[in-house]
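Hi,

Here is the model I promised to pass on.

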Amino acid sequence: DYVDDAKKKFYLGQAYGLRAFIYFELYRIYGGVPLRLDVEVIDGVLDPNKLYMARATPKEVMTQIKKDLDLSMEYFGNVTAFDPYNRGKKVYWSKAATECLMGEVYLWTSKVTTGDNEANIADLAVAKQHLQSVIDNYGLSMMDNFSDVFEAKSHKGNNEIIFAIRYLEGEATNRNVNYTYMSQGEIDKGGFREDGTPWNDPLGLKKSGAQWCEYIPELFQLFDVEDTRRDATFLASYKKDKDGNLSLWGTHVQKNIGYINSEGNRVFCGDYAFYRLPWVYLSLAEIANMESDNSGVEKYINLVRKRAYASNWDENKHGYKSGDFTQNELAILHEKDKEFVQEGQRWWDVLRMTLTKGGKHLVFCKEANLKNNGVPILNEATESHKVLWPIEQNMLDKDPSIKQTPGYEE
């Protein structure tokens, strides 16, 4: 009686949704995993030997994921508020997050076979139902300006965010510093901005910057110059030749890099958006493509593009005109490439999406490789097992009941 029934149900809705979320991540990474739904405790003491557990089959894992999602929906009931108990807007699990996850799970299983869990095209309708519900029932809308989505001082938990990972000044950073640049390094010595002006620490990093990671130039070059997402996402650096001509040297990420605080230091405290409204739109575009609904493909792609081009928007010039299945699927992929840099989408996209309806997944197709070098991301003949990850040797040594992922056995 210390928590009323309404709160209990809400928290159970969160708990089952989060368990489904975690197991879906494990399912996509490893396929079958140990399906631990309780913990063996004997007289209050954990016995490590009792915790050994073999991997369930992929089908068993997915059956549990879908069961948990149904329970999450049942416990949430009619509560569509993101934060009814004022704990932290949109950074706790919600019914909207469960419906997004249901859309993602059922879209995945409609197109992807994993081990003994065969793809089932009937799951497409379930995905569509829940994604449409996200649009209709949670008061969501896209921000007018793309850059405002990630503005960390006043726009956290904004109208298009559905579920995000929270970062705050004084806590752990979001690590996007590793995609910027080292102040007083080579860039500062010889770099120029696109307009030809000297580099001069444009992001105000002082000595806090680093660049352990960099996106390939082909991703930057995928953007139309009139697409506001280009400059909201990337800061390009250029070199000058002896005649003063500029050439692209490299790119640095300026999306979601927090703010400069009252002491003049940049703090990398932008939230990581896990689900937001444009993801729902482009997932529905993918479903429409599977349904041969070209008008739906155009509708959902252009909802995202119109915001991206902002005042530059010209429907005749920038609007997407549908083509055949392959053209549509690749257009959706590349729209996601531009919309979701650093939001953890592309690997799952190329594993799920296909070059033709019911055909080869894009991870095995050269058309999905942004380098455009005629080579697929994975060679289907020799690397098809790499769609799943191996189990590390340390884990195999500790638990004799665990077996290696197929394809990685010695």
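Leaving aside its neighbours within four places in sequence, which residues is Thr98 in contact with? The list is Gly13, Gly17, Leu69, Ser72, Met73, Phe76 and Trp93, where contact means heavy atoms within 4.5 Å.

Before the rest, the ground rules. This is a predicted model, so to speak of a local feature I needed pLDDT of at least 70, side-chain atom pairs count only at pLDDT 80 or more, and totals for chains, interfaces and linings use all residues. Residues are numbered from 1 along each chain as its sequence is written, and side-chain values use heavy atoms, with hydrogens and water left out.

**Thr98 and its helix**

Thr98 sits in helix α3; helices (H or I, at least four residues) and strands (E, at least two) are DSSP runs, numbered from the N terminus. Thr98 counts as buried because its relative accessibility is 0% (buried is under 20% relative accessible area, exposed over 50%, partly exposed in between, with a 1.4 Å probe and protein chains only). Its side chain also makes a polar contact with the side chain of Trp93, at 2.7 Å. For that term I took a pair of N or O atoms within 3.5 Å; within protein, one must be able to donate a hydrogen and the other to accept it, and residues adjacent in sequence count only if both atoms are side-chain atoms.

From first C-alpha to last α3 reaches 25 Å, close to the 24 Å expected (1.5 Å times one less than the number of residues).

**Core**

The largest nonpolar core has 70 residues, and Ile65, Leu101, Ile162, Val280 and Leu362 have the most contacts inside it. Such a core is a set of buried Ala, Val, Leu, Ile, Met, Phe, Trp, Tyr and Cys residues joined through side-chain atoms within 4.5 Å. Helix α8 (residues 277–290) gives the largest share, 10 residues. Not counting residues up to four places away in sequence, Ile65 touches Ala20, Tyr23, Phe24, Tyr27 and Val105.

The disulfide count comes to zero, taking a pair of cysteine sulfur atoms within 2.5 Å as the rule.

**Aromatics**

There are 24 aromatic pairs. Rings of Phe, Tyr and Trp (its six-membered ring) pair if their centres lie within 6.5 Å; planes under 30 degrees apart are stacked, over 60 edge-to-face, and the rest tilted. Phe220 and Phe234 form an edge-to-face pair, 6.0 Å centre to centre with 90 degrees between the planes. Phe220 lies in helix α6 (residues 217–222) and Phe234 in strand β2 (residues 234–240), so the pair ties together parts 14 residues apart in sequence. Both Phe220 and Phe234 are buried. Elsewhere, Phe21, Trp93, Phe163, Phe274, Tyr275 and Trp279 form one aromatic cluster.

In α11, 13 of the 15 residues are buried. At its start, a side-chain oxygen of Asp324 reaches to within 3.2 Å of the backbone nitrogen of Thr326.

Gln342, in the loop between α11 and α12 (346–352), has a positive phi of about 70 degrees although it is not a glycine. Gln342 is buried, with a relative accessible area of 13%. Asp201 also has a positive phi, about 45 degrees, and is found in the loop between α5 (186–190) and α6.

Cheers
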